Amino acid sequence: MKNQPFFTRDGDGFVPTEVANGPWDPQSLHGRVIIGLLAFEIERHHGADDFVPARLTVDMFRLPKLVPIEVKTKLVRDGLRIRVVEAEFFSAGVSMARASCQLLRKTENPAGNVWSPPNWEVPRPADIAKPTDVRLGMHGKWTTRPIVGGMGTSGPRRLWLSEVRELVAGTPASPFVRVAVAADFASPFANAGDQGLGFINSDVTLYLYRLPVTEWVGFEVVNHHARDGIAIGECWLYDEQGAIGTSTVAALAQRKPMTNPANRDVTSAKE
């Protein structure tokens, strides 16, 4: 892979590269790489082939700078069928985010038929021209293939997204890490309107009933509601074989920076 990775290793820790920065502050990390690194460490320490990471919730309550990172994981429950893991994200020794992941052991479906929404029928990524607007991929942080709608519109939206660089140098991204890094895209995709993106998400909850088997992750906006500066957004997620799960976010209305914040929580750090 020619593109610079988001992180390099430094012993048990990680060092962000310049491409790991986010849109709100060029000297701070993008939320997607925070989520991805938490998933990376959860899977590395506690993942198993016979378990599916069925739910990953990440709370992002401070905005990390481009400084060395440490992730600590804790096995909360290791049962026969359910494994629960917590992880905490430290930037320069300060807790910035935390995750909870529930892994479920694979088995067989029970007998009978249960209704499910129909699979989306859309062109495959290979059949869609590469977009000319580099802003869709944040100038090379990922690549997209728009299907329906887009930023700056207020109608339905569908899109394919694929990673173009490693999360951690020298380690190919697993299917779980790929979709975890991508999951944060649900916030701008669901919460942006015809006046641009006015919300910044403070969390992500990723639900998966199976892992993606292709590199492309499809997003379809299915929900956005907001009042009093608080929004929720939701996307259904797909790979090229069909549905894989959902990504849901909570978000705050973005405001101008607060002056001299004493304790940088999500509102003061990200605004």
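Is Arg 105 buried, partly exposed or exposed? In this predicted model, Arg 105 is partly exposed, at a relative accessible area of 30%. Its side chain meets that of Asp 50 in a salt bridge, 2.3 Å from N to O. Asp 50 sits in the loop between H1 and strand E3 (51–60), and Arg 105 in strand E6 (residues 94–105), so the pair ties together parts that are 55 residues apart in sequence. Asp 50 is likewise partly exposed, at 35% relative accessibility.

The whole structure holds nine salt bridges. One of them joins Arg 210 to Asp 239, with the closest N and O atoms 2.8 Å apart. Arg 210 is buried, at 19%. Asp 239 is buried too, at 1%. Another salt bridge pairs Arg 44 with Glu 41 at 2.6 Å between the closest N and O atoms. Both residues lie in helix H1, three residues apart, about one turn of the helix. Arg 44 is partly exposed, at 43%, whereas Glu 41 is buried, at 1%.

The largest nonpolar core has 53 residues. Phe 7, Leu 37, Leu 56, Phe 89 and Leu 167 touch the most other members. Helix H1 (residues 31–46) gives the most to this core, with eight residues. Beyond its neighbours within four places in sequence, Leu 56 contacts residues including Ile 35, Ala 39, Cys 101, Phe 176 and Val 204.

No disulfides are found. The sulfur of Cys 101 has its closest cysteine sulfur in Cys 235, 20 Å away, and is therefore too far for a bond. Cys 101 is buried, at 1% relative accessibility. Cys 235 is buried as well, with a relative accessible area of 0%.

Conventions. Residues are numbered from 1 along each chain as its sequence is written. This is a predicted model: local features need pLDDT of at least 70, side-chain atom pairs count only at pLDDT 80 or more; totals for chains, interfaces and linings use all residues. Side-chain values use heavy atoms; hydrogens and water are left out. A nonpolar core is a set of buried Ala, Val, Leu, Ile, Met, Phe, Trp, Tyr and Cys residues joined through side-chain atoms within 4.5 Å. Buried means under 20% relative accessible area, exposed over 50%, partly exposed in between (1.4 Å probe, protein chains only). Helices (H or I, at least four residues) and strands (E, at least two) are DSSP runs, numbered from the N terminus. Contact means heavy atoms within 4.5 Å. A disulfide is a pair of cysteine sulfur atoms within 2.5 Å. A salt bridge is a side-chain nitrogen of Lys or Arg within 4 Å of a carboxyl oxygen of Asp or Glu.
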